[in-house]
Amino acid sequence: MMQMLIAMMRRIVTAGHLVVIGPDGAHHDIGCMSGAAVVIRLHDWETVWNLLRNPQLTLGESYMEGRLTLEQGDIADLLCLLTRNLATGFGGGHLEWIARTRYMLRGLMQRNGMTRARRNVAHHYDLSAEFYNLFLDADRQYSCAFFETPSDTLEVAQQNKKRRIAAKLALRRGMRVLDIGSGWGGLGLHLAEAHATTVRGITLSSEQLAVAKRRADQSGLSSRVEFVQEDYRQTQGNFDRIVSVGMLEHVGAGHYDSYFRQISSLLSDDGVALVHSIGRSDGPGVTNAWIDRYIFPGGYTPALSEVLPAIERSGLIVTDIEIWRLHYAMTLAAWRMRFNSNREKAAALYDERFCRMWEFYLAASEMAFRWQGHMVFQLQLARRVDALPMSRDYMTPSLAEVPRTRLAAAAAQ
């Protein structure tokens with residue numbers, strides 16, 4: 001059994017050096033044997049069998065449970081080694097058949113009706129707000145930051161992201177804005193304060209809602225910013241601008257038509273929408289089995305080829321598409337470093353198993369953006385072809401009119 005696992009690993013790892021120590025203490029060298037090795041120990045034969053049978057799920061599970069440990073390097077080093085070799089593939093052989101089967105079943109896995117959608121959101125986002133404070137920026141932005149320069153701090157890069165979104169929306173004083181998936185309220189509060197808009201933010205997370213409402217009260221913006229617990233399918237009204245950041249990943253591939261039709265129905269005739277989402281550059285796929293079970297149940301990272309047809313059917317016009325490539329890798333690296341520096345506090349809130357789960361999640365997600373074709377896309381949408389200026393140049397004064405230092409100071413309060 002161990003020899004079968006090693007043969008499978010040798011088929012995958014051809015660059016870099018991996019050493020696997022089996023339950024019997026035997027060492028197995030895999031790869032090109034150059035450079036510092038990543039050394040893992042498998043503590044029991046059940047783990048060996050499960051890795052052979054379903055490595056995508058078992059790798060994370062065995063690390064969480066302490067049945068796979070690192071003797072040299074850390075979990076990020078291991079995942080970097082594996083994802084660099086796998087790239088956008090699954091490893092050939094029976095691993096491809098596992099992926100194909102899960103792809104055929106993804107419709108069942110992503111039936112995100114209202115009840116299930118709320119349960120899925122609670123699984124991840126209703127963790128303690130104190131926990132998220134351990135690694136997010138002061139504004140609790142839990143989506144990809146925009147690094148204008150590699151030296152930007154996480155705080156600056158998250159401010160860049162909000163300024164960029166606001167510029168693309170071409171906001172004017174008094175506009176009505178809908179924020180679908182409003183999180184802890186940071187973006188909605190920014191749009192209201194910096195651009196004098198009125199904002200309705202909707203979320204399914206009870207924890208996020210409580211924090212967002214408290215922030216609105218504390219900032220004196222509660223008269224212009226309303227946060228409610230609501231499914232996007234239940235929202236009614238008419239809005240000049242609609243923004244949705246990090247929400248499309250939770251919609252599910254079978255619900256794109258209803259999602260974009262709802263945006264179209266809520267948007268004013270001359271309105272503009274901005275949808276910001278993680279995407280995959282290699283075409284339609286399937287959610288990683290471990291991520292689906294432990295981190296984002298019902299979630300899926302779409303390809304543009306899956307999203308654009310639904311937009312076309314909704315009657316919306318795509319006015320702009322921007323691709324962010326390594327920005328999320330840099331964001332996740334910053335989160336991972338902050339999480340690791342606060343690991344003892346995280347363990348005090350939860351436990352060691354939970355900490356190992358988050359270590360694996362943050363490292364695996366970072367490597368997906370570095371090596372496996374993941375990226376972020378921003379889709380600017382409108383109902384009318386003349387809703388926006390003909391050139392992107394209109395964004396330039398909007399990006400300059402709100403000083404970054406002022407925003408950073410407000411976020412730090």
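Modeller: Start with a cut-off: a residue is buried when its relative accessible area is under 20%. Keep in mind that this is a predicted model.

Biologist: Why is C144 called buried?

Modeller: Its relative accessible area is 0%. The limit is under 20%, so C144 counts as buried. C355 is also at 0%, so C355 is buried too.

Biologist: What makes T235 buried or exposed?

Modeller: T235 has 4% relative accessibility, so it counts as buried. T235 sits in the loop between β7 (225-229) and β8 (239-245). Leaving out residues up to four places away in sequence, T235 touches L178, I202, E230, Q262 and L266.

Biologist: What joins the side chains of T235 and E230?

Modeller: A polar contact of 2.7 Å. The cut-off for such a pair of N or O atoms is 3.5 Å.

Biologist: Why is the pair of Y132 and F135 called tilted?

Modeller: The ring centres are 5.9 Å apart and the planes meet at 50°. Pairing needs centres within 6.5 Å; under 30 degrees is stacked, over 60 is edge-to-face, and the rest is tilted. So the pair is tilted. Both Y132 and F135 are buried.

Biologist: What kind of aromatic pair do Y232 and Y259 form?

Modeller: Edge-to-face, with 5.3 Å centre to centre and 80° between the planes. Y232 lies in the loop between β7 and β8, and Y259 in helix α12 (residues 256-266), so the pair ties together parts 27 residues apart in sequence. Y232 is at 5% relative accessibility, so it counts as buried. Y259 is at 0%, so it is buried as well.

Biologist: How do you know that helix α3 is mostly covered?

Modeller: Nine of the 10 residues in α3 (residues 55-64) are buried. Among them are P55, L57, E61 and M64. Just after α3, G66 takes a positive phi of about 75°.

Biologist: Which residues have the most contacts inside the largest nonpolar core?

Modeller: L18, F131, Y142, W290 and W358, in a core of 72 residues. Its largest share, 11 residues, comes from helix α17 (residues 352-371). Beyond its neighbours within four places in sequence, F131 is in contact with residues including F339, F354 and W358.

Biologist: What is the mean pLDDT of the protein chain?

Modeller: It is 90, and 89% of the residues reach 70 or more. Residues 403-408 fall below 50. Where pLDDT is low, the predicted coordinates should not be read in detail.

Notes:
Residues are numbered from 1 along each chain as its sequence is written. Side-chain values use heavy atoms; hydrogens and water are left out. A nonpolar core is a set of buried Ala, Val, Leu, Ile, Met, Phe, Trp, Tyr and Cys residues joined through side-chain atoms within 4.5 Å. Buried means under 20% relative accessible area, exposed over 50%, partly exposed in between (1.4 Å probe, protein chains only). Helices (H or I, at least four residues) and strands (E, at least two) are DSSP runs, numbered from the N terminus. Contact means heavy atoms within 4.5 Å. A polar contact is a pair of N or O atoms within 3.5 Å; within protein, one must be able to donate a hydrogen and the other to accept it, and residues adjacent in sequence count only if both atoms are side-chain atoms. pLDDT is the predictor's confidence in each residue, from 0 to 100. Rings of Phe, Tyr and Trp (its six-membered ring) pair if their centres lie within 6.5 Å; planes under 30 degrees apart count as stacked, over 60 as edge-to-face and the rest as tilted.
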